[in-house]
Amino acid sequence: MTMLMRWLFLAAVILGPWMAVLTNRYQSPWVDQNRHTLLLYPFALIAAFGVYSVCVIAWRVYSFNDCQEAADELQKA
Amino acid sequence: MGEDDAMYTVLLPTYNERENLPIIVWLLVKYFTDAKVEFEIIVIDDGSPDGTLEAAEQLQRIYGEERIVLRPRAKKLGLGTAYIHGLKHARGQFIIIMDADLSHHPKFIPRMIALQQRDNLDIVTGTRYSGDGGVSGWDLRRKLISRGANYLTQVLLQPGASDVTGSFRLYRRDVLRRLVDSCVSKGYVFQMEMIVRATRLGYRIGEVPISFVDRVYGESKLGGSEIVNFTKGLLYLFATT
């Protein structure tokens with residue numbers, strides 16, 4: 001399975017039930033009570049992943065080693 | 001396994017490296033000799049106008065034809081075909097690929113060899129992104145692009161290595177042959193394709209932290225076209241692997 005297929009599969013798993021709620025194909029008292037939250041949840045997932053990604057990248061840029069001594073070592077050689 | 005007396009072949013594709021070649025070869029000879037390891041260095045020069053080939057011939061006279069092997073080509077033909085070309089004549093059971101411009105220090109090679117032997121690996125790749133690994137001469141912008149691109153790659157491709165575009169690696173010869181044959185990308189996307197396909201094929205990959213010194217005697221670039229090429233390569237591998 002290619003990575004593309006994996007991601008499409010994941011998207012289907014998340015968006016399938018979500019679409020069912022959005023289009024009122026699936027109805028239950030619980031869904032009606034939580035409709036607002038349920039409709040937001042894919043966007044909340046994306047936003048959370050975005051925040052996580054930005055934090056990870058920022059930390060990795062900050063902690064990227066500067067190997068000045070390696071450059072000096074080569075200059076001597 | 002009998003790999004204690006294995007031979008190692010370094011593939012050095014060069015283009016206008018007349019200044020750097022004698023230094024890199026001297027360092028390679030030094031570290032291989034210190035480690036008491038059999039080796040040969042194959043210089044694949046793509047018709048450099050600056051006389052790299054003449055410099056290589058001089059080195060061959062100094063270190064011997066057993067150690068320095070010349071496999072020049074008439075013009076610039078790309079990295080993938082340079083490896084194929086060099087591999088045809090490689091005598092080592094293990095192949096080391098690295099840049100000839102001194103961004104990669106040969107002192108890391110004994111560590112790669114040791115890790116390969118300890119864990120019986122198929123590939124050992126140098127990594128700038130973990131442990132003591134790092135870079136020299138990169139500004140904030142370049143670090144940001146590099147880290148961002150690397151993160152995106154990790155998320156989308158799960159490549160099985162922390163440094164996907166690195167070009168300082170040790171391969172089992174047959175593994176490198178097979179990978180080179182199945183990879184179509186150019187430039188450093190080629191390195192990315194190699195490691196991703198290796199992971200998909202189930203090869204065992206290890207990592208050694210390295211420092212990457214950006215072009216001490218040359219000039220570096222990271223332009224818009226490189227970013228476009230990287231994105232294309234990423235999407236290609238995303239859809240096909």
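Residues are classed by relative accessible area as buried (under 20%), exposed (over 50%) or partly exposed (in between), with a 1.4 Å probe and protein chains only. The structure is a predicted model, in which local features need pLDDT of at least 70 and side-chain atom pairs count only at pLDDT 80 or more, whereas totals for chains, interfaces and linings use all residues. Residues are numbered from 1 along each chain as its sequence is written, chains are lettered from A and ligands numbered from 1 in the order in which they are written, and side-chain values use heavy atoms, with hydrogens and water left out.

Chain A has a mean pLDDT of 90, and 97% of its residues reach 70 or more. Helices (H or I, at least four residues) and strands (E, at least two) are DSSP runs, numbered from the N terminus. In the unreviewed UniProt entry, residues 1–20 of chain A are annotated as "signal peptide"; UniProt positions follow the numbering used here, feature names are shortened, and annotations may be inferred rather than shown by experiment. This span is 90% helix and 0% strand, with its end C-alpha atoms 26 Å apart.

Chain B contains an open sheet of seven strands in the order S3-S2-S1-S4-S7-S5-S8, with mixed pairing; two strands pair if DSSP finds at least two bridges between them. Strand S3 (68–70) and strand S8 (205–209) of chain B each have a single partner strand, so these edge strands are left without a neighbour in the sheet on one side. On average, neighbouring strands of this sheet are turned by 25° against each other, direction ignored, with axes taken as lines fitted to C-alpha atoms. Strand S1 (residues 7–14) and strand S4 (residues 94–97) of chain B run parallel and are joined by four bridges. Within this pairing, B:Val10 has B:Ile96 in S4(B) as its bridge partner.

With a disulfide defined as a pair of cysteine sulfur atoms within 2.5 Å, the count over all chains is zero. A:Cys67 is buried at a relative accessible area of 4%, while A:Cys55 is partly exposed at 47%.

Over all chains, 14 salt bridges are found, each defined by a side-chain nitrogen of Lys or Arg within 4 Å of a carboxyl oxygen of Asp or Glu. One of them is formed by B:Lys107 and A:Glu73 (2.7 Å, N to O). B:Lys107 lies in the loop between S4 and helix H4 (109–119) of chain B and A:Glu73 in helix H3 of chain A, so the pair joins two chains. B:Lys107 is buried, with a relative accessible area of 19%, and A:Glu73 is partly exposed, with 26%.

Within chain B, B:Asp122 and B:Arg172 form a salt bridge at 3.1 Å, N to O. B:Asp122 lies in the loop between H4 and strand S5 (123–127) and B:Arg172 in strand S7 (residues 169–172), so parts 50 residues apart in sequence are tied together. Both B:Asp122 and B:Arg172 are buried. A further salt bridge connects B:Asp214 with B:Arg142, whose closest N and O atoms are 3.1 Å apart. This pair links the loop between strand S9 (211–213) and helix H8 (224–240) of chain B, which holds B:Asp214, to helix H5 (residues 140–157), which holds B:Arg142, 72 residues apart. B:Asp214 is buried at 13% relative accessibility, as is B:Arg142 at 16%. B:Glu40, B:Glu66 and B:Arg91 are joined in a network of salt bridges.

Notes: pLDDT is the predictor's confidence in each residue, from 0 to 100. Axes are lines fitted to C-alpha atoms, for helices over the stretch in contact, and angles run from 0 to 180 degrees between N-to-C directions.
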